[in-house]
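Thanks, everyone. I will keep this short and go through a few packing contacts, then one interface.

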Protein chains: 4
Amino acid sequence: MTGVPAALRTAVDAAKERVAALHAELPRWELVVWTAGNVSERVPNPDGEDLLVIKPSGVAYEDITAEAMVVCDLAGNLVEGDRSPSSDTAAHAYVYANMPDVGGVVHTHSTYATAWAARGEEIPCVLTMMADEFGGPVPVGPFAVIGDDSIGHGIVETLRESRSPAVLMRNHGPFTIGKDGRSAVKAAVMCEEVARTVHIARQLGQPLPIEQSHIDSLYDRYQNVYGQH
Amino acid sequence: MTGVPAALRTAVDAAKERVAALHAELPRWELVVWTAGNVSERVPNPDGEDLLVIKPSGVAYEDITAEAMVVCDLAGNLVEGDRSPSSDTAAHAYVYANMPDVGGVVHTHSTYATAWAARGEEIPCVLTMMADEFGGPVPVGPFAVIGDDSIGHGIVETLRESRSPAVLMRNHGPFTIGKDGRSAVKAAVMCEEVARTVHIARQLGQPLPIEQSHIDSLYDRYQNVYGQH
Amino acid sequence: MTGVPAALRTAVDAAKERVAALHAELPRWELVVWTAGNVSERVPNPDGEDLLVIKPSGVAYEDITAEAMVVCDLAGNLVEGDRSPSSDTAAHAYVYANMPDVGGVVHTHSTYATAWAARGEEIPCVLTMMADEFGGPVPVGPFAVIGDDSIGHGIVETLRESRSPAVLMRNHGPFTIGKDGRSAVKAAVMCEEVARTVHIARQLGQPLPIEQSHIDSLYDRYQNVYGQH
Amino acid sequence: MTGVPAALRTAVDAAKERVAALHAELPRWELVVWTAGNVSERVPNPDGEDLLVIKPSGVAYEDITAEAMVVCDLAGNLVEGDRSPSSDTAAHAYVYANMPDVGGVVHTHSTYATAWAARGEEIPCVLTMMADEFGGPVPVGPFAVIGDDSIGHGIVETLRESRSPAVLMRNHGPFTIGKDGRSAVKAAVMCEEVARTVHIARQLGQPLPIEQSHIDSLYDRYQNVYGQH
């Protein structure tokens, strides 16, 4: 381990606090069971390579503290921490390395989003709240096994062609991005909410489509005028 | 901002307390995620135009306080408050301006009610508790985009032709009304409950209909004799 | 009001404590929303007519106290209490008056049980826990409107022909009985549990039947040998 | 009762603490209602026969304490405790007697797993988290009534032919095993999670299969490299 540069100490510690606190949102909104799921944040480094802060592997949600968070570089190597980083760290790191505007990443196996992912089926944009938040369907990424860059690559390639901050990785589950950790957590919460609502709508028939022009105007207003992001 | 008239100070402050407290019912009954959903109350003004009290935009449920609530006139303009009113304020204001007996309005994206709304399908009255509370089916309102009077207009036109205090706005979600904020919250809770129960009944077949004369007598008894409203 | 006989004072007060405490089990197990649902207990009177203790009408679950409980006779008339008894009191009273072994009654609109009731379809006995607790299917009672003896009559006629302590009243919801209030609450919890599990099993196909001889031996062991009732 | 050998006193008391604490995980993850469900742990005896620690019968979850836990031998006979052991003790004991590597056993009637069990249908391995944890489908065990060795026998015969730590006993519910009580509880939580997610995926179509070679590599990495078990 090379350690955290002194100039980033304050920023890293603040990110650890935020990332630890944001993990509490995942069980609160019932997006995770046991130790599954993880939130990370980028720590920008004006004088060198950026770092990321993420949850260590296999920690129970009630045992998460700011001190327990680990720091990695954008190749996924451990820079600071007593425990191994989450086994999903390579995917988070790849996203930060390849999407410079992304400041936060979240991964869960939230039930309804994962069910769409298991069928490899995108979630159609049939709710006004979905037009607001996602600007269209939630897309599906490729099947990829853990152990190399293929999960990160699949996330980045899919999200680059979409307005959605969420991607459903096939047979796996959702990854979401945002300008910071909180935005990525919000996207994870909203992704499960629309996955569930559209699933339930589909159980008894077909949801009515929303015209593309309405989707566009809702998305534009929510993202640019309303200023919720 | 013109400010709250001195004669309404006490009434406005009491409404802020009630509206803030009623917001806690929305996550309690699992009708909302993140910052979605809002409750408002009318403040009658014997000497001029009525006001309304509503949640500001984008506030987390755990941060809601009476002081944070905002006051608007019935054209939706901000009268008092440090933050922007909920982006749904225009719809609430339109309802108060056009339905003088309404004292409270609630809007959520509660899951099952929104699923019926996504299909544009009314909830049939096949439960005695639904006859009690809604006096018939829960109707569907038109598709309307945010930004002008069309949501409020759709709510009012639909509810005027129904005994139901709830309307499912197409592809959007439920709006409910009541004589005060608490009654509108109760209608929101019951709307999701009947949306869920009838959905589940329909998953394995067709619910048995209830005769119109029984619906009428149940509704009459509950509203007039039993005195729960 | 004739008042509670002095000889029953202690027994009535103890029943009020138990009935108030048992109401907390209904929201805990998610069987009720808002003020719906009620638990009652019989107070035997060796020297005259039995009484019953029940929740008053329209009280929020967080406001339930032993003092707030009301006492009625088995014709449903108020004997003691500051508030009106639950509007379901006549049905509870009819059960006590006609089923001398019943010491507790519970009524809810729990979601899955009510969904079976809306279709007028009994829950088939396809789980070992259902054989244990119900000894066969959970039966459906007739459609009945509130206001006379017809609900109570329907409950009693249906349960007399069944080993089940639960009946699904058509388009309405479940009523359960037990030797005391706690047993009736347990039956309400288990009724919703089996209603939900068998519903979910049925969504993707047909549950495998259990032979009648196995149902009989499971029921006999659980009720008589194991001693859980 | 022969009593706990003095040499096992410390180990038995530590196991009682762990088993009591692990029971709190069952309602936390919504795997049980009322008093259903049980966790046990093996207490190895280097100088004789092993013992097991399990919950007594019919105890409410809020009343579970370390002191209330009971000790049995691997024939299911009570060795120490004031109350009767869980009526599922014979099944737990049979597993310990016939699977020497098993240190913990859990039994629940968790809703979705029990629904698959009611249809007698294995859960197909269509999620990467399922490949990680179960290494393939979750298998179905035979129908067996309580009262002899047939439940234990069915569990052991089914699990011996599978990599899965969970078996769905037909018309009954899941049993899970692990190297200790905590691992068996984790398997029970994950079993319900995959039962629910695959159920929901199947409601709207067919999940995409995962190639056997990918299942094998995910399982190998998770169990051996990642070190979460």
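Predicted model: local features only at pLDDT ≥ 70, side-chain atom pairs only at ≥ 80, totals over all residues.

Before the first contact, a word on terms: a helix axis here is a line fitted to C-alpha atoms over the stretch in contact, and angles run from 0 to 180 degrees between N-to-C directions. For chain A, the mean pLDDT is 95, with 98% of residues at 70 or more.

I start inside chain A. Helix α3, residues 89–98, packs on helix α6, residues 150–160, with the axes 8 Å apart and an angle of about 45 degrees. An angle of that kind makes α3(A) oblique to α6(A). The crossing of α3(A) past α6(A) is right-handed. On the α3(A) side the contact residues are A:Ala91, A:Tyr94, A:Val95 and A:Asn98. They meet A:Ile151, A:Gly152, A:His153, A:Ile155, A:Val156 and A:Arg160 of α6(A). Sorted by class, that contact has six nonpolar, three polar and one charged residues.

Next, chain B, and helix α7. Which helix of chain B does α7(B) cross at roughly 65 degrees? That is α4(B), residues 111–119, and the two axes come within 7 Å. At this angle α4(B) counts as roughly perpendicular to α7(B), because the class runs from 65 to 115 degrees. α4(B) passes α7(B) in a left-handed crossing. From α4(B), the contact uses B:Thr111, B:Tyr112, B:Ala113 and B:Trp116. From α7(B), it uses B:Cys191, B:Glu192, B:Ala195, B:Arg196, B:Val198, B:His199 and B:Arg202. The count by class is six nonpolar, two polar and three charged residues.

α7(B), residues 181–203, also reaches across to chain C, where its axis comes within 8 Å of that of α4(C), residues 111–119, and crosses it at roughly 55 degrees. That makes α7(B) oblique to α4(C). Here the crossing is right-handed. The α7(B) residues are B:Glu193, B:Arg196, B:Thr197, B:Ile200 and B:Ala201.

Last, the interface of chain A with chain D. How many residues are in contact on each side? Chain A contributes 28 and chain D contributes 30. The area buried between them is about 2700 Å², and carbon and sulfur atoms give 64% of it. On the chain A side, A:Val33, A:Trp34 and A:Arg119 supply 29% of the area that chain A buries against chain D, more than any other three residues.

That is the end of my part.

Methods:
Residues numbered from 1 in each chain as written. Chains lettered and ligands numbered in written order. Heavy atoms only, no water. pLDDT = per-residue confidence, 0-100. Helix = DSSP H or I, 4+ residues; strand = E, 2+ residues; numbered from the N terminus. Parallel < 35°, antiparallel > 145°, perpendicular 65-115°, else oblique. Left-handed = near helix turned anticlockwise from the far one by under 90°. Contact = heavy atoms within 4.5 Å. Buried area = accessible area lost by both parts, 1.4 Å probe. Nonpolar A, V, L, I, M, F, W, Y, C, P; charged D, E, K, R; others polar.
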